[in-house]
Each structure stands twice: as structure tokens, then as C-alpha cells.
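Subject: Two-chain model, handover and findings

Hello,

Here is the structure I said I would pass on. Please open it first, then read the notes below it.

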Amino acid sequence: MIEVSNIKKIYINGDNETHALRGVTFTIEDGEFVAIMGPSGSGKSTLMHILGALDTPSSGGYKLDGHDVSKLSDDELAKIRRDKIGFVFQSFNLLSRTTVLRNVTLPLIYSDMPVQAREKRAVQALKDAGMDENRFNHKSNQLSGGQIQRVAIARALVNDPSLILADEPTGNLDTQTGNIVLGTFQRLNKEYGRTIILITHEKDIAEHADRIIHIRDGEIVDDSKKHTKKIINQKP
Amino acid sequence: MTTRDIIHETFSALTANKVRTSLTMLGIIIGIGSVISMVSIGQGAQASIQSSIEGLGANLLTIYPGALQPGRGIVSSGRGAAQSLVNEDIEVLQEIPGVSLIAPQLDRRFQIVSSLGNNTNSTVIGTSPAYAQIRNMTTVNGIFFTENQNNSLAKVAVIGPTVATDLFGAEDPLGQTLKVNGVIFRVIGVLEAKGGSGFANQDDMVFVPISTMQKILAGVDYLSVIAVSVEDKDQMENVRTLATEALIKKHRVDEADFSIISQADILGTLNQVTDAFTLFLAAIASISLVVGGIGIMNMMLTTVTERTREIGLRKAIGATRHDINLQFLTEAVALTLIGGAIGVILGWAVATTVSSLGLIQTEVSLMSVILAFGVSAVIGIAFGYYPARRASRLNPIEALRYE
């Protein structure tokens with residue numbers, strides 16, 4: 001469960017103070033599929049960084065599964081990311097010239113998991129993300145955009161995270177492959193009960209989630225459940 | 001991260017750009033290679049000087065007339081100028097326990113003319129038959145003169161191979177005569193070639209009985225050197241002390257008017273010289289090692305910049321500062337260690353080539369190999385530290401945004 005209470009983030013640059021977040025409060029239950037939507041400069045990226053334990057708020061509280069994450073050191077944040085968070089990036093960020101399997105295993109090398117167990121987990125994550133099994137040993141630069149993003153989703157799943165954070169995951173994909181990726185998120189949410197937060201500036205994309213938190217100028221302007229756009233034909 | 005993971009990451013990082021990796025390594029390869037080969041050449045020179053000195057006679061004390069001035073080492077400026085050693089000193093020395101052989105010596109340079117009319121200017125040494133034993137000299141042709149000939153003022157000569165060639169060319173010198181200072185000598189022996197080792201080239205000398213030298217050729221009664229061989233190496237110091245005391249008493253002086261030099265003294269001085277020479281070579285070679293290290297640092301900094309996004313990703317998925325630091329430091333150390341290993345092989349190859357060309361008998365010591373590896377690891381850590389630290393301190397958010 002994610003509990004965010006009155007989070008503020010102020011960037012100080014010389015004499016200028018930029019208020020990226022001006023007091024944001026919300027709760028996300030386990031198993032929710034939430035979109036955080038807002039135009040660029042709205043503070044949604046800052047919020048994502050804080051939710052993803054990449055950054056800490058200037059003030060306010062953030063609890064992830066009951067752990068207070070708002071005042072941790074860099075290395076403690078790294079451990080939170082390792083154990084509780086899976087990231088999916090707009091630009092995929094796979095290691096090139098590296099096999100699909102190795103890419104997905106990567107987060108586990110920073111944990112103490114034995115090698116065999118890692119591989120097993122990686123294979124399962126790839127299957128859950130709908131990746132074709134005979135491509136597991138392909139190099140990541142031999143894959144198409146849709147396949148790459150599936151690998152990235154599998155990498156986000158592999159550490160069995162409490163939260164998957166997807167930052168504009170369809171931004172570099174065409175509509176059709178984008179829909180497949182969004183379908184994958186819906187399936188992971190419905191079938192496996194994964195908690196997913198989707199960060200996007202597009203209403204059309206946000207509507208694939210069950211709940212949309214609308215953010216503008218560092219404040220929540222709307223938080224509501226909507227009719228979800230269902231993707232038909234989820235598995236390719 | 002397990003060791004296996006680190007090795008895997010390092011291997012894939014280093015093989016990602018093979019040309020750059022090998023060029024960077026080349027700096028270390030040349031550095032370590034030149035240190036190894038320079039040190040081995042230096043040590044080889046030392047060993048060859050050592051063996052040639054020991055070849056002159058291992059348990060040898062050499063007594064020179066005149067006191068050596070402190071700080072002037074073994075280079076005696078006025079040898080022959082002092083006339084403090086005389087024939088009677090030999091009898092005194094013979095009484096000392098531990099003394100095995102004694103060879104008196106009087107040297108002069110003379111113009112020598114052979115019966116064939118050939119000329120040469122060479123050192124004539126008047127000595128006793130013990131000389132041949134003490135100096136490990138053997139004749140290849142004929143014999144060394146005997147004690148009898150020594151006592152009877154015989155006009156016989158034993159010549160070195162260089163003198164033999166100069167005076168008699170291809171002809172057999174045995175039975176031929178040569179004229180020294182107007183006196184005719186019969187050649188009775190030719191010495192085995194020992195190889196010219198710069199100073200005191202024994203191949204270019206003529207040996208005659210000491211009595212003949214003193215009474216007929218030079219017309220003096222003093223000696224220029226007394227060579228004393230000692231039965232056992234351990235007795236060297238003891239014999240030297242006793243000989244000093246005995247000669248001071250005999251000469252009735254307060255301070256020694258002679259000096260006793262052992263082979264150990266000569267070796268010690270020469271070792272100092274060759275050590276300095278080796279150190280000098282190694283210091284020059286080390287400069288290239290430092291340049292190689294800077295190359296490593298340069299490549300690592302470029303790598304960190306190029307892989308900023310990768311570092312950002314690794315941090316986002318849970319790598320701690322320590323993980324990143326370790327990864328990049330391992331890369332740098334792997335570069336220098338692999339480079340060091342190839343450098344050792346290269347240095348060894350150079351040393352072996354030098355040996356096989358017959359220039360100097362080199363030896364690559366285990367010590368210098370271990371040292372080379374130690375130094376490469378230290379260079380890896382020293383020059384990899386800053387880039388690794390920079391990588392580990394990158395902010396993951398900015399690193400992920402880096403274009």
C-alpha cells in the first residue's frame with residue numbers, strides 16, 4: 001500500500017525556488033492500476049521520482065508497505081528500489097549487446113539470490129510479460145520496439161515488486177504496439193494483482209487505468225475512477 | 001553482487017569495444033614490458049660482471065703497495081709509485097694460517113718484438129707459477145714456467161692468445177723467441193682465451209718469471225702486487241687481519257703502507273654501480289607505466305560518460321554506490337592486470353631475445369614478475385579510483401535523462 005501525505009518538493013536554484021509539488025496527498029491500495037496524468041511541468045515526473053524512491057520529498061510523508069521512505073539515504077533508497085519497485089521507462093533502457101535473459105536477470109544480481117533461482121524468476125517474468133520463449137537468448141538490439149518493452153516489463157516484474165512504475169511506457173511506440181503494452185499492464189493487474197502506476201501526459205493512455213490522478217502545477221486537480229478502456233486481444 | 005557477476009559484467013564491458021580496450025591496455029603492456037626487460041638486463045649485467053670477477057679467482061686477497069685513500073675506491077692512482085712491497089713480505093705472508101698460495105707480481109708495459117719481426121705493446125707480468133693456479137689460468141699450448149725456471153732467472157715467456165696472434169699470426173709460437181727491452185725470451189706456453197673483460201685483459205699479456213722481471217727487465221726489487229689465495233672463503237677476513245698486522249710489523253710502520261683488497265670489495269663496489277644502473281633503467285621504464293595509467297584513467301572516464309544511462313538504470317533497479325564503484329574499479333584493475341600479464345610475457349620475450357643475441361645473459365626474476373603484477377594492480381586502483389567514484393556518485397534521475 002502506498003500512502004502519500006502532503007508531499008512538497010522545492011528545487012532551489014540560486015535565488016529561485018521552484019515548487020514542483022505543493023502538497024500532494026493520496027493513497028493507493030495493493031492491486032490498483034492508477035494513471036498519474038498531467039502536462040509537462042505539472043510535477044508528475046517529480047512525483048514519479050519520489051514514488052520510485054529515486055528522490056526524497058522536501059517535506060511530507062511517503063510510506064510504501066508501511067516503510068517510511070521519505071527520509072532515507074541514497075543506499076537505503078537503492079535497497080527499497082531493489083526489493084519493492086519495478087521501473088518501465090519510455091526509452092526502455094535495456095543493455096545493448098546483452099541477451100534478453102541477462103537483461104531481465106540484471107536487478108537480481110544486486111540481491112543475494114542464488115544464480116539458478118534468478119534464472120527461474122527471469123524466465124517466469126518473461127512469460128508473464130508475454131515474451132516469446134524462443135527469443136530469450138536473443139540480443140536486445142535484435143528485437144522490435146514492442147518486444148523490447150516486454151523485456152523491460154519483465155525486468156520490472158522480476159524482483160516481485162510491490163509497485164510497478166511505468167513512465168510513459170508507450171511514448172516511443174506506435175499506437176498498435178503501444179496498445180499491446182498497455183494490454184500487458186492490464187493483464188498483469190487483473191490476473192496477477194500487480195499494483196501499477198502509469199505516468200503519462202496523454203488522456204487516451206491514462207484511460208487504460210482504473211483510476212486517474214490528474215495533476216497540474218504541483219497539485220492534484222482530480223482523482224477519480226473512470227470507465228476503463230479495455231484492450232481486446234491482450235495476448236499477441 | 002557475487003564475484004561471478006562482477007567478472008561477467010567486467011568481461012562484457014571490456015569486450016564491448018575491443019579496439020579501445022586493447023589500445024588502452026597497450027600502454028600498460030609497454031610499461032610493464034619495459035620495466036621487466038630493463039630490470040632483467042640490469043640484473044643480467046650484474047650477474048655477468050659478478051661471474052667474470054669470480055673467474056679471476058674466488059678466494060683472492062690482493063695486496064697493493066701504498067694506502068688507499070678513503071673514497072677513492074679500488075681505483076688506485078699511484079700503483080707502482082709506492083714501492084712498499086718487497087720479496088721478503090712473501091715469507092711473512094707464508095707463515096699466516098689459512099693462506100694457500102702466494103703469487104708476487106711486478107707489471108711493466110714494454111714494446112715486444114717477435115722473431116718474425118712483428119711488434120706489439122703489451123703488459124709484461126713477472127710472477128711465480130702459483131699465479132696460474134690462483135687466477136685459474138690454463139695453457140692450451142705448452143706449459144706455464146716452473147719454480148725452477150723462476151729461481152734460475154730463466155728467460156722464458158708464457159703469452160696470452162691475443163699476444164700470440166699479434167706476434168706470430170697463424171704460426172705456432174712455441175719455441176719461437178721474442179725480444180723485450182732487448183732481452184730475448186723463449187716462448188714456452190700459450191694461455192687459453194678468457195675473453196676480454198675490459199680492464200685487466202689477461203689475453204693481452206706476457207708472463208715471465210718474477211726474478212727475471214725484477215733483476216733483468218726492470219732492475220728493481222719491489223713488487224707491484226701480491227696475490228694471496230685463501231683456503232676457505234670463511235677465512236678471508238681472518239687472513240686479511242693477520243696479513244695486515246704481519247706486514248705492518250714487518251715494514252715497521254704505524255699505519256699500513258699497503259692495502260688489501262678482497263674480491264668481495266670489488267664485487268660490492270661493482271654491485272653498487274650495477275644496482276644504480278638497474279634502478280635508472282627501471283625508473284625510465286616506470287615513466288611509460290605512469291603514462292599507461294593515465295591512458296587507463298582517460299578510457300575509464302570516457303566509459304563512465306558513455307555509460308551514464310546504463311549507470312542510471314543500474315541505480316534505478318537497486319545498485320548501491322558500492323556496487324557501481326566496485327564494477328568500474330574492477331574494470332580498471334582487470335585492464336591493468338591483463339595488460340600486466342601480457343607485459344610480463346613481452347618483457348620476458350625481449351630479455352630472452354637479448355640473451356639469445358649474446359649481448360647480455362639476462363634473467364627475469366620471479367621477484368620482478370610479482371612486483372610487476374603488484375604495480376599494475378596498484379595502477380588500476382589508483383587510476384580507476386576517480387572514474388569509479390564519479391560513476392558511483394551519479395544521480396540516477398539525471399543519469400537516466402542523459403542523452
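Among the elements of chain B, helix H10 (residues 308-316) has the highest mean pLDDT, 95. Strand E10 (residues 258-262) of chain B has the lowest, 85. pLDDT is the predictor's confidence in each residue, from 0 to 100. Helices (H or I, at least four residues) and strands (E, at least two) are DSSP runs, numbered from the N terminus. Over chain B the mean pLDDT is 87, and 94% of its residues reach 70 or more. The model scores ipTM 0.92 and pTM 0.73.

This is a predicted model: local features need pLDDT of at least 70, side-chain atom pairs count only at pLDDT 80 or more, and totals for chains, interfaces and linings use all residues. Residues are numbered from 1 along each chain as its sequence is written, while chains are lettered from A and ligands numbered from 1 in the order in which they are written.

Seven of its nine residues are buried, so H10(B) is largely enclosed by the rest of the structure. A residue is buried if 20 or more other C-beta atoms lie within 10 Å of its own, exposed if 12 or fewer, and partly exposed in between; C-beta atoms are placed from the backbone. The buried residues of H10(B) include Ile311(B), Leu313(B) and Arg314(B). They pack against both chains: helix H2 (74-84) and strand E6 (85-88) of chain A, and helix H11 (321-356), H12 and helix H13 (396-401) of chain B. After H10(B) comes Gly318(B), with a positive phi near 115°.

The contact between the chains takes 18 residues from chain B and 19 residues from chain A. Two residues are in contact if their C-beta atoms, placed from the backbone, lie within 7 Å. On the side of chain B that touches chain A, helix H1 (3-16), H10, H11 and H13 of chain B each give two or more residues. H10(B) gives the most, with five residues.

Chain A

Chain A has seven helices and 10 strands. Its radius of gyration is 18 Å, close to the 18 Å that the globule rule gives for 236 residues, so chain A is as compact as a globular protein of that length. The radius is taken over C-alpha atoms; the rule is 2.2 Å times the number of residues to the power 0.38. Buried residues make up 48% of the 236 residues in chain A. Of its contacts with a separation of 6 or more, 68% are between residues 24 or more positions apart.

One open sheet in chain A has four strands in the order E2-E1-E4-E5, with antiparallel pairing. Its edge strands are E2 (16-28) and E5 (67-68) of chain A, each pairing on one side only. Two strands pair if DSSP finds at least two bridges between them. Five bridges join E1 (residues 2-13) to E4 (residues 59-64) of chain A. Lys8(A) has Ser59(A) as its bridge partner in E4(A).

Cores

The largest nonpolar core has 113 residues, and Ile36(A), Val104(A) and Ala154(A) have the most contacts inside it. Helix H2 (residues 18-55) of chain B supplies the largest share, 11 residues. Apart from it lies another core, of 51 residues, among them Ile63(B) and Phe144(B). A nonpolar core is a set of buried Ala, Val, Leu, Ile, Met, Phe, Trp, Tyr and Cys residues joined through C-beta atoms within 7 Å. Ile36(A) touches Leu47(A), Ile197(A) and Ile213(A), among others beyond four places in sequence.

Chain B domains

Chain B is divided into domain 1 (3-52 + 269-401) and domain 2 (83-256). These bounds come from an automatic or database domain assignment. The two domain centres, taken over C-alpha atoms, are 56 Å apart.

Worth a look

Two residues have a positive phi although neither is a glycine: Asp65(A), at about 50°, and Leu153(B), at about 55°. Asp65(A) is in the loop between E4 and E5 of chain A. Leu153(B) is in the loop between helix H5 (147-151) and strand E5 (156-159) of chain B. Asp65(A) counts as partly exposed, with 14 C-beta neighbours inside 10 Å. Leu153(B) also counts as partly exposed, with 13.

Best wishes
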